[in-house]
Amino acid sequence: MTVIKKDVAVLKNYINGNWVESRSSQTMKVINPATNEELARVPISTKEDVDLAVKSAEEASKIWKKTPVPKRARILYKYHTLLSDNHEELAKLVVQENGKSYKEAYGEVQRGLECVEFACGAPTLMMGETLSGIAEEIDSEMFRYPLGVVGGITPFNFPMMVPLWMFPLAVACGNTFVLKPSERTPILANRLAELFTEAGFPHGVLNVVHGAHDVVNGLIEHKDISAISFVGSQPVAKYVYEKSASYGKRVQALSGAKNHHVVMPDADMDKAADHIISSAFGSAGQRCMACSAVVVVGDNEPFVHALKKKADNLCIGNGMEEEVLLTPVIRSEHRDRTLKYIEKGLEEGASLIRDGRKEMDELKEGNFLGATIFDYVTPEMTIAKEEMFAPVLSLLRAKDLDEGLEFIRKSRFGNGATLYTKDAKAVRQFREEADAGMLGINVGVPATMAFFPFSGWKDSFYGDMHVNGKDGVNFFTRKKMITSRFDF
Ligand code: NAD
């Protein structure tokens, strides 16, 4: 069991089934965002640490890639059972290092379990294709093979789900893996590694190297890494994508977002407001599928009034307390950055109809910021264009759905978008024209499940094959074609 008390030593890397001290003496504090209590220290590992992990993964790969697919899947079933048996403990670890509410964290663990469930289907997922008779007496077959060693780099906001987007499917497909978790939420990754070994995976199939950009660069530059799976902010995603490509690696880089929710005049206003409140302020707005911009279609003052009232009644506090929805942001620096955005919104002429800064005085210990809502935001304003990743919501006013869709088109991001309406014609127009990869119809967080691709567009994704679903299988496998003549 991973120790998470204040007196813990520095976290260790997990290499070849052993807990190994980093070669680096540099560390960073891991804190509970609700209290700023120190939970552990994370090593800022070096490229030497990466070399050790990749060597271990490369060695393990020799046997793992030849391990029969059903056998690999059977070990994953065991892993699923262990994760499931420890569901509550894992959720508490998420709350402790990330700050989100227990309910959200419990749901996150569930999403992670679903990724393992999907990966357990590897024997079917990895099937190839055949065609008898591509010419006289000639047949063609396609087989799937693993890539080798894959590197995964993950963000702070889903310390359970995002690593599980990656390594269960990667190893089910016969790859071995080196994970670099977020240095702000590294504790859970060690617990995932412990349970991985307990499930019976051979040593070296999963390795964890803690740290920051040196580890990222070490993975990208390493000659024995075949592919990089990345999830994080837009500038880093673009950097990782370009650099990985320049090193000849297969790469998928999931990036930032600005998700618009369009509220039509015929929508169920109360339900729409509930969904938006939960989407915008749950996890303190730190979700890549969070609603950060609402397009209010028509002169809909009752909706704006209902939204503000619900924001006024939000329960804010430590994620371990029941009924809490609005939890702290990850670090005080992140809150300071958000406060600058709020100032910018005011400077650029948006109307602040709910000022969440007042709650900061009431909850001094943690990195709290109350629900903040700007009205009459225009697409040109900084707060409409940039991802704040915080509990700040912008309301844009549109005369009709066409104008709302135009706002979505103008955004450089294209992760998600939602429409609230009962009008079938509007639904179809939205489905056909909304310029984003994951759409919701009367759904606040239209995140896809593990058997579908997590399908961001534009600057929300760099690469070709998304995580999860068949895309994920394609990403973690390469194809071999056999053409055979039988009249020889
Ligand atoms: P981040 O970009 O700061 O960090 C992500 C990872 O990149 C971390 O492991 C970090 O150590 C590493 N990193 C950071 N700076 C680096 C640098 N200069 N060079 C090399 N590596 C670096 O992201 P974050 O703040 O941890 O996570 C939040 C971001 O992730 C948001 O932008 C959010 O939208 C995005 N996100 C996107 C998705 C998606 O599916 N599109 C899902 C979750 C999170």
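**Before you start**

You are looking at a predicted model, in which local features need pLDDT of at least 70 and side-chain atom pairs count only at pLDDT 80 or more, while totals for chains, interfaces and linings use all residues. Residue numbers start from 1 along each chain as its sequence is written.

**Stop 1: the whole protein**

Show everything as a cartoon. The protein has 17 helices and 22 strands. Here helices (H or I, at least four residues) and strands (E, at least two) are DSSP runs, numbered from the N terminus. Along the principal axes, the C-alpha trace spans about 75 × 65 × 40 Å.

The radius of gyration is 23 Å, which agrees with the value near 23 Å for a compact globule of 488 residues. That radius is taken over C-alpha atoms, and the globule rule is 2.2 Å times the number of residues to the power 0.38.

Buried residues account for 52% of the 488. A residue is buried if 20 or more other C-beta atoms lie within 10 Å of its own, exposed if 12 or fewer, and partly exposed in between, with C-beta atoms placed from the backbone. Of the contacts between residues at least 6 apart in sequence, 71% join residues at least 24 apart. A contact means that the two C-beta atoms, placed from the backbone, lie within 7 Å.

**Stop 2: the listed binding site**

Select F156, K180, E183, R184 and E387, which an unreviewed UniProt entry gives as "binding site". These residues span 232 positions in sequence and their farthest two C-alpha atoms are 23.5 Å apart, so they do not all gather at one spot. UniProt positions follow the numbering used here, feature names are shortened, and annotations may be inferred rather than shown by experiment.

Zoom in on F156, in the loop between β7 (149-153) and α6 (161-172). F156 counts as buried because 22 C-beta neighbours lie inside 10 Å. Leaving out residues up to four places away in sequence, F156 touches N98, S182, R184, T185 and I330.

Now move to R184, in the loop between β8 (176-180) and α7 (187-199). R184 has 21 C-beta neighbours inside 10 Å, so R184 is buried. Beyond the neighbours within four places in sequence, the contacts of R184 are F156, I330 and R331.

**Stop 3: a hairpin and its partner strand**

Strand β5 (residues 129-135) and strand β6 (residues 138-146) pair in the antiparallel sense over 4 bridges. Strands pair if DSSP finds at least two bridges between them. β5 and β6 form a hairpin with 2 residues between them, and E137 in the turn has a positive phi of about 60 degrees.

Highlight E141: T130 has E141 as its bridge partner in β6, and the bridge partner of E141 in β22 is I482.

**Stop 4: the seven-strand sheet**

Next comes an open sheet of 7 strands with mixed pairing, in the order β14-β15-β16-β13-β12-β18-β19. β14 (351-354) and β19 (438-441) stand at the edges with a single partner strand each, so one side of each is left without a neighbour in the sheet. Neighbouring strands of this sheet are turned by 20 degrees against each other on average, direction ignored.

Within the sheet, strand β12 (residues 259-263) and strand β13 (residues 291-297) pair in the parallel sense over 5 bridges. V262 stands opposite V295 in β13.

Bring in helix α12 (residues 332-347), which lies across β14, β15 (372-377) and β16 (392-398) and runs at about 30 degrees to β16. Axes are lines fitted to C-alpha atoms, for helices over the stretch in contact, and angles run from 0 to 180 degrees between N-to-C directions.

**Stop 5: the listed active site**

Select C288, which UniProt lists as "active site" in an unreviewed entry. C288 sits in the loop between α10 (269-281) and β13. With 27 C-beta neighbours inside 10 Å, C288 is buried. Apart from neighbours within four places in sequence, C288 is in contact with A257 and N415.

**Stop 6**

Finish with K458 in strand β20 (residues 457-458). K458 is not a glycine, yet has a positive phi of about 50 degrees. K458 is partly exposed, with 18 other C-beta atoms within 10 Å.

Then select N468, in the loop between β21 (461-462) and α17 (469-476). N468 is not a glycine either, and has a positive phi of about 70 degrees. N468 is buried, with 23 other C-beta atoms within 10 Å.
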